Every structure is written in C-alpha cells, then in structure tokens.
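Visitor: I would like to learn how to read a few features of a model. Where do we start?

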Amino acid sequence: MPHDGHDDHSELSPIALRVKALESLLVEKGYVDPAALDVLIDTYETRIGPRNGAKVVAKAWTDPAYAKWLKDDATQAIASLGFTGRQGEHMVALFNTPEIHNMVVCTLCSCYPWPVLGLPPVWYKSPPYRSRAVSDPRGVLKEFGVTLPEKTKISVWDSTAEIRYLVVPLRPANTENLSEEELAGLVNRDSMIGTRLAGRTA
Amino acid sequence: MMTCRPIFLSPILNPPDLKDPVFNEPWEAQAFAMVVKLHERGHFTWSEWAETLGAEIKSWDAPYYEHWLAALEKIVEAKGLMSQVERLNRVEAWDRAAHATPHGQPIELSRS
C-alpha cells in the first residue's frame with residue numbers, strides 16, 4: 001500500500017466503515033463468531049475452487065458408472081467425493097454432446113455452484129454476461145474464443161437459489177491414455193460454466 | 001490523496017494458488033463470510049438472501065460486492081438483528097475511532 005501523502009491519523013473508506021459496523025454489531029450480539037469468519041474466508045480463498053469440479057468431470061469421463069450416477073443424482077454423486085454445499089443447493093450436471101452445448105448463467109443475481117467451482121469469476125457476476133448469455137449465447141462464446149459448429153445447439157440454463165448447474169464438457173480427443181488426474185488438469189473452470197471447452201489451451 | 005488503511009493490509013489479497021483473486025478487497029471477503037455464517041445459523045434462508053441480493057442488483061448499478069453489502073444491511077434489519085439507527089451510529093463510531101488512531105496502529109472502537 002503506498003504511503004505517500006497520508007495524514008498522521010488513520011482512515012477507513014466509507015465502505016470499510018459499513019462492513020466494520022455490521023461485523024462488530026453482529027459479533028457483540030453473538031450472531032457471528034469472528035474466528036469462524038476468518039476460517040470461512042480462508043477456506044474459500046485457498047481450499048475450495050474449480051479443482052473440485054475438475055475432479056468430478058474427470059471421474060465422469062473415465063468411469064461410466066459414476067457418469068450415470070452424476071447424470072441421475074448429481075448432488076449425491078458430487079457429495080460422494082467430499083464436495084457438499086453450504087447452501088443446501090441441489091446440483092444438476094449438464095453433459096455436453098456434439099449436438100448440445102450447455103451454458104450456465106444466473107440472471108437474477110449470481111447463484112453459482114460454490115462447492116465445486118469456488119467463488120464465481122468477475123465476468124459471471126457482470127450485467128453484460130447475465131443478459132447476453134441469454135440473448136446471444138453464440139456471441140458470448142465467440143468472445144471466449146469458442147466457435148461451435150452451426151449444427152450444435154446451445155442450451156442456456158438459469159441458476160436459482162435452489163438449483164446449481166455443473167457443465168460436464170466434452171472430453172478432448174486423443175486423451176485415451178491419460179490418467180484421471182491428468183484429465184482433471186484439462187478441465188478449466190470456464191469449461192464447467194460452459195463458456196470454454198476443456199483442453200490444453202484453457 | 002491515497003487513503004492509508006493499515007489494518008486492512010492482509011495476505012488474503014494474494015491467494016497463493018489461484019490465478020484470479022477471489023476477493024478484490026478484504027471488506028468483500030468479510031461481507032461474504034457474514035452472509036454465509038448468518039445463513040448457516042438459520043437467520044435467513046438462502047432463497048430469502050438470493051431475493052434480497054437480486055433486488056439490489058436490479059435496482060442500481062454497482063460492483064457486485066457493493067450490492068452484496070447493501071443487501072446484507074437490508075436483511076439484518078428486516079430480520080431484526082439490528083436497527084438502522086444502531087448500524088449508522090456504529091459507522092460513525094468507527095469513523096471517529098479511525099481518525100483518533102495514529103497512523104499504523106490498530107483501529108479500536110474504544111478510541112471513538
């Protein structure tokens with residue numbers, strides 16, 4: 001933080017003051033435990049992230065029984081790998097095929113499958129993505145560098161507070177000899193939202 | 001003029017193994033965590049939260065976590081966890097405390 005030009009007293013930004021006011025009151029009243037807040041933040045910043053989702057996808061690519069389970073009951077299939085939701089959301093896995101490409105958006109706010117993908121990227125929360133994913137999905141994909149064949153249909157799924165979607169991207173060609181772990185390395189975060197494809201050039 | 005915020009210097013701005021930082025500023029992380037914890041304790045349902053946040057996002061243009069914070073201020077009031085007067089008084093108290101704190105020292109409410 002630059003130290004040039006500061007006064008000899010401290011200052012908090014208006015927004016930091018609002019956050020401190022809320023937090024100190026909630027702590028005093030016993031509604032939240034400050035240590036628990038720190039643990040939660042650390043968890044989301046360092047331990048939960050798109051790698052969880054990548055493991056789910058790689059397992060579905062290599063294990064047909066798991067893929068079927070994921071298709072039938074994604075919430076349980078994902079929980080079996082240790083990734084469970086804090087908000088009790090119901091998970092649905094959307095399998096991309098050569099005929100249908102799935103893409104996820106939340107037009108209301110920014111509902112997102114945190115347990116498998118971590119916190120949403122900035123663009124996912126932006127108004128342009130939230131509106132254009134619905135009105136012009138092909139155009140949005142192009143901006144992400146993805147051009148699908150004309151015959152591939154695009155399905156756009158709007159998340160809600162109750163249902164979160166995980167896209168299972170198509171397995172890249174010529175990956176038959178890769179291990180599940182190596183395959184997970186090919187699954188980038190955006191491919192599980194449906195705005196990119198899986199593969200080496202993430 | 002640069003605003004100096006000593007107590008907000010925190011290593012969480014640089015998460016070790018993620019390309020994009022999850023939070024741009026520490027206050028975003030705090031606001032995020034308060035909502036998740038209050039929900040976990042049953043003070044509101046996740047649907048109620050999504051509705052409150054969605055209403056903020058729809059009604060004005062701002063960065064995501066500013067909407068988040070405004071929605072949190074509304075929902076704690078709606079759920080009777082604190083009153084608006086109480087909250088605004090506390091904002092002022094923190095402001096006074098910050099101004100009474102010599103640069104580089106932790107800001108404490110007792111200075112307000």
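**Reading helices, burial and contacts**

Guide: Start with helix 2 (residues 46-59) of chain B: at 1.5 Å a residue its 14 residues should span 20 Å, and the end C-alpha atoms are 20 Å apart, so the two agree. The expected span is 1.5 Å times one less than the number of residues. Helices (H or I, at least four residues) and strands (E, at least two) are DSSP runs, numbered from the N terminus. This is a predicted model: local features need pLDDT of at least 70, side-chain atom pairs count only at pLDDT 80 or more, while totals for chains, interfaces and linings use all residues. Residues are numbered from 1 along each chain as its sequence is written, chains are lettered from A and ligands numbered from 1 in the order written, and side-chain values use heavy atoms, leaving out hydrogens and water.

Visitor: Which residues of helix 2 of chain B are buried?

Guide: Buried means under 20% relative accessible area, exposed over 50%, partly exposed in between (1.4 Å probe, protein chains only). In helix 2 of chain B the buried residues are B:W46, B:W49, B:A50, B:T52, B:L53, B:G54, B:E56 and B:I57.

Visitor: What covers the buried residues of that helix?

Guide: Look on both chains. The cover includes helix 1 (26-40) and helix 3 (64-78) of chain B. From chain A it includes helix 6 (114-117), helix 7 (127-135) and strand 4 (163-168).

Visitor: Why does B:K37 count as buried?

Guide: Because its relative accessibility is 17%. B:K37 lies in helix 1 of chain B. Contact means heavy atoms within 4.5 Å. Neighbours within four places in sequence aside, B:K37 contacts A:V32, A:A36, A:L37 and A:L40.

Visitor: Where is A:N96 found?

Guide: In the loop between strand 1 (90-95) and strand 2 (100-105) of chain A. A:N96 counts as buried because its relative accessibility is 8%. Leaving aside neighbours within four places in sequence, its contacts are A:H101, A:N102, A:V167, A:V168, A:P169 and A:L170. Take A:L170: A:N96 is 74 residues from it in sequence, yet 5.7 Å away in space, C-alpha to C-alpha.

Visitor: With which side chain does the side chain of A:N96 make a polar contact?

Guide: A polar contact is a pair of N or O atoms within 3.5 Å; within protein, one must be able to donate a hydrogen and the other to accept it, and residues adjacent in sequence count only if both atoms are side-chain atoms. Here the partner is the side chain of A:H101, at 3.5 Å.

Visitor: How many helices and strands does chain B have?

Guide: 4 helices and 0 strands. Along the sequence the pattern is α-α-α-α. Of the 112 residues of chain B, 46% count as buried.
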